[in-house]
Amino acid sequence: MHCVIGRHLPEKYAQFNRDHARLRAPGERAFARLKQWRILRKPRCSTNRIGRTVAAVHAIEIAWRSG
């Protein structure tokens, strides 16, 4: 069980937190990769194009992790 400020979470909440972290992790890794590549430092394109860039990097990150 996980501890939070000196007390244990009930298992259903601990499981929820684990599931949430598992779903969130790929997006967090993709944003970390974007920061490494410095893609979003000075975007000089439309917000639609930035969104597509983020989605593409996310897809690359997922493919790289699964392969």
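**Close-up views of the salt bridges**

The count comes to 3 salt bridges, each a side-chain nitrogen of Lys or Arg within 4 Å of a carboxyl oxygen of Asp or Glu. The model is predicted: local features need pLDDT of at least 70, side-chain atom pairs count only at pLDDT 80 or more, and totals for chains, interfaces and linings use all residues. Residues are numbered from 1 along each chain as its sequence is written, and side-chain values use heavy atoms, leaving out hydrogens and water.

**View 1. The protein chain as a whole.** The elements run β-β-α-α from the N terminus. That makes 2 helices and 2 strands (DSSP runs: helices are H or I, at least four residues; strands are E, at least two; numbered from the N terminus). Of the 67 residues, 12% count as buried (under 20% relative accessible area; exposed is over 50%, partly exposed in between; 1.4 Å probe, protein chains only).

**View 2. Glu-11 with Arg-18.** Their side chains meet in a salt bridge at 2.5 Å, N to O. Glu-11 is partly exposed, at 42% relative accessible area. Arg-18 is partly exposed too, at 28%.

**View 3. Arg-22 with Asp-19.** This salt bridge spans 3.1 Å, N to O. The two residues lie 3 apart in helix α1 (residues 11-37), so about one helical turn separates them. Arg-22 is exposed, at 56%. Asp-19 is partly exposed, at 33%.

**View 4. Glu-28 with Arg-24.** Here the salt bridge is 2.7 Å, N to O. Glu-28 and Arg-24 sit 4 residues apart in helix α1, which means a separation of about one helical turn. Glu-28 is partly exposed, at 41%. Arg-24 is partly exposed, at 48%.
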